[in-house]
Amino acid sequence: MIPQNHLHPDASSSADILGEALHLLRLQGTLYCQAELTQPWGVAVPAMEDLITLQIITAGQAWLEVEGSDPLLLRPGSLTLIPHGTPHRLSSDRSLQCQPLFNLPVEQISDCYERLYHGGGGPVTQVTYGVVRFDHVAGERLISQLPRLLHIDALDTDAASWLQSTLRLIASEAATLKPGGETIITRLADILVIQAIRAWLDSAPEARQGWLAALRDRKIGRALALMHRTPEQEWSIESLARAVGMSRSGFSARFTEMVGEPAMRYLAHWRLQLARQHLMETSAPLSAVIERFGYQSEAAFCRAFKRQFGQTPGQVSRGGTQVESVSEYRYQSAR
């Protein structure tokens with residue numbers, strides 16, 4: 001899990017504000033699998049809603065085919081991230097029939113770590129495969145802007161040394177799996193997910209649009225930071241505009257243009273998402289949640305909550321309906 005970091009309230013540079021949003025991302029590792037695949041082999045991974053998959057090739061090579069993206073030949077040092085749980089195929093040859101992932105037997109090492117051996121006995125490809133989730137509202141906003149596929153190749157001369165060294169360490173731990181090795185692999189893979197997203201943020205034109213561009217904007221980014229840090233405050237267009245040194249009309253128009261929705265609607269959605277997460281993760285009474293996220297009455301909160309999520313606060317309290325782990329997907333797939 002990535003620790004939260006609260007910056008000083010006066011911090012206002014675009015780098016600080018974007019960095020603060022990244023620090024809010026809390027990564028929940030659902031499963032990591034060390035796969036040893038011998039040619040010929042092919043694995044079909046189904047859709048996994050709300051989950052992010054990470055693929056690291058540590059030996060051999062593999063074809064990756066993601067719906068809506070061009071096929072990629074992955075070699076040692078390749079890292080790919082599929083942010084939206086999109087169905088995909090990994091294989092030694094694109095012409096092969098791929099076996100459904102959840103039909104293949106695995107060796108369960110721990111609750112979050114397993115090994116997979118599959119294939120026809122030929123040359124070996126080793127893959128470290130991760131399935132993770134961001135469990136903070138900022139994560140949902142960020143993931144919605146990511147492309148279908150992120151790819152970083154450590155063999156590229158432009159690739160950063162952190163990727164090469166981290167991949168080498170993962171490969172070394174996977175090859176020997178000494179005591180504590182599975183913990184090291186999962187923690188390193190968590191870091192790689194964040195680093196892959198950071199690399200995309202630094203280089204992709206799409207990262208200069210929408211919510212991410214607004215975070216980088218000197219004035220709108222400051223307003224977003226204020227709402228993120230203190231959602232319980234009685235913010236208004238006037239108070240936000242005054243806080244960032246803009247006129248009311250200028251702030252309102254610029255915020256809507258950059259973020260894609262008016263500031264007060266954004267704040268309302270942000271509060272409700274935070275409240276929903278808090279209800280699902282804690283046993284706090286409804287009254288405490290309402291006060292924490294800036295609502296004046298239980299009735300108003302419940303109406304807004306039902307309108308936003310189609311459920312009452314009581315229906316999501318201390319447990320939602322979402323699939324929480326890969327084992328649940330495996331179970332559902334076998335039914």
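Contact here means heavy atoms within 4.5 Å. The structure is a predicted model, in which local features need pLDDT of at least 70 and side-chain atom pairs count only at pLDDT 80 or more, while totals for chains, interfaces and linings use all residues. Residues are numbered from 1 along each chain as its sequence is written, and side-chain values use heavy atoms, with hydrogens and water left out.

The protein holds 13 helices and 12 strands, taken as DSSP runs numbered from the N terminus (helices H or I, at least four residues; strands E, at least two). Of its 335 residues, 48% are buried, that is, under 20% relative accessible area with a 1.4 Å probe, protein chains only.

Leaving aside residues up to four places away in sequence, Phe251 touches Ile220, Ala223, Ile237, Leu240, Ala241, Val244, Met246 and Ala263. Phe251 also belongs to the H8 side of a helix pairing, where Phe251, Arg254, Phe255, Met258 and Val259 meet Lys219, Ile220, Ala223, Leu224 and Met227 of H6. Helices H6 (residues 218-229) and H8 (residues 248-259) pack at about 85°, their axes 10 Å apart, where axes are lines fitted to C-alpha atoms over the stretch in contact and angles run from 0 to 180 degrees between N-to-C directions.

Conventions. Buried < 20%, exposed > 50% of the residue type's maximum accessible area, 1.4 Å probe, protein only.
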